Amino acid sequence: MKRYNLLIVLLLLIFNVTTAQKKNSPAADLSILKETKTKIENTVPLVLKHLQTIADKEGDNNIVTNGKVALGKEYGILESEWFLYRNNMKNCILNNSSKKARKCMDYHTQYLRNTLINYGNYISNLTRKNGYLGVEGDTKFDFKPADITTKLGEAYSNANDAAGRMKMDQKKDFLGQTMSDDNKLTPFAQLPQ
């Protein structure tokens, strides 16, 4: 009798694993959150280095001081939006049907895209070749808002599909990782300056 119970348990386990991983269903990989966080944070030292080059050329350290304040303000706007985005996307999946969740997620992804574009324009205009005070050289950023938000949208769409195959407690645990400190932007004052 025990062998039959073991066989039933084994068959149920196999059934659960195969239904949780439907054919042609993409994996729910949210590592893009950490990649995005790193891309955003990596822009700060590059901009500050450019400001320091300008300050050295002009012999005026106020350029760096004022630039840090302005950059900190722009970064702060993006930091707030990044927190809201991750929380809103999590809530879109948890609190809506699949179809409504996609519409909700599209809205928040578009809003993040606009914020990333504004930040990207700010740092590009500040550091472009022959930009402010004619300092030579382009600062290269690995920061493309359209690419970033496309990948984020795809990752959350896959997460929505995966969450649809989970029980509520599993969903909460799975989506809770999006709000972890690992995915939170480092405050501006704590970044390398």
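Figure 1. Asp-182 is partly exposed, with a relative accessible area of 48%; buried denotes under 20% relative accessible area, exposed over 50%, and partly exposed the range in between, with a 1.4 Å probe and protein chains only. The model is predicted, so local features need pLDDT of at least 70 and side-chain atom pairs count only at pLDDT 80 or more, whereas totals for chains, interfaces and linings use all residues. Residues are numbered from 1 along each chain as its sequence is written, and side-chain values use heavy atoms, with hydrogens and water left out. Asp-182 forms a salt bridge with Lys-34, and the closest N and O atoms are 3.9 Å apart; the criterion is a side-chain nitrogen of Lys or Arg within 4 Å of a carboxyl oxygen of Asp or Glu. Because Asp-182 belongs to the segment after α6 (168–176) and Lys-34 to helix α2, the pair ties together parts that are 148 residues apart in sequence. Lys-34 counts as partly exposed, at 43% relative accessibility. The structure holds 4 salt bridges.

Figure 2. Helices are DSSP runs (H or I, at least four residues), and they are numbered from the N terminus. Helix α2 comprises 27 residues (residues 32–58), which at 1.5 Å a residue should span 39 Å; the end C-alpha atoms are 40 Å apart, in agreement. The expected span is 1.5 Å times one less than the number of residues in the helix. Within α2, Glu-41 and Lys-37 are 4 residues apart, about one turn of the helix. An α-helix has 3.6 residues a turn, so residues three or four places apart point the same way. The closest N and O atoms of the salt bridge between Glu-41 and Lys-37 are 3.0 Å apart. Glu-41 counts as buried at 12% relative accessibility, and Lys-37 counts as buried at 12%. Gly-59 follows α2 and has a positive phi, near 65°.

**Figure 3. The salt bridge between Arg-102 and Asp-161.** In this salt bridge, the closest N and O atoms of Arg-102 and Asp-161 are 2.5 Å apart. Arg-102 lies in helix α4 and Asp-161 in helix α5, so the pair ties together parts that are 59 residues apart in sequence. Arg-102 is partly exposed, with a relative accessible area of 30%. Asp-161 is also partly exposed, its relative accessible area being 25%.

**Figure 4. The aromatic pair of Tyr-85 and Tyr-156.** Rings of Phe, Tyr and Trp (its six-membered ring) pair if their centres lie within 6.5 Å; planes under 30 degrees apart count as stacked, over 60 as edge-to-face and the rest as tilted. The count by this rule is 4 aromatic pairs. One of them, Tyr-85 with Tyr-156, is edge-to-face, at 5.8 Å centre to centre and 90° between the planes. Tyr-85 lies in helix α3 (residues 62–95) and Tyr-156 in helix α5 (residues 145–163), so this contact ties together parts that are 71 residues apart in sequence. Tyr-85 counts as buried at 0% relative accessibility, and Tyr-156 counts as buried at 0%. Ring pairs link Trp-82, Tyr-85 and Tyr-156 into a cluster.

**Figure 5. The aromatic pair of Tyr-119 and Phe-143.** The rings of Tyr-119 and Phe-143 form an edge-to-face pair, 5.6 Å centre to centre with 75° between the planes. Tyr-119 is part of helix α4 (residues 98–127) and Phe-143 of the loop between α4 and α5, so the pair ties together parts that are 24 residues apart in sequence. Both Tyr-119 and Phe-143 are buried.

Conventions. Helices (H or I, at least four residues) and strands (E, at least two) are DSSP runs, numbered from the N terminus.
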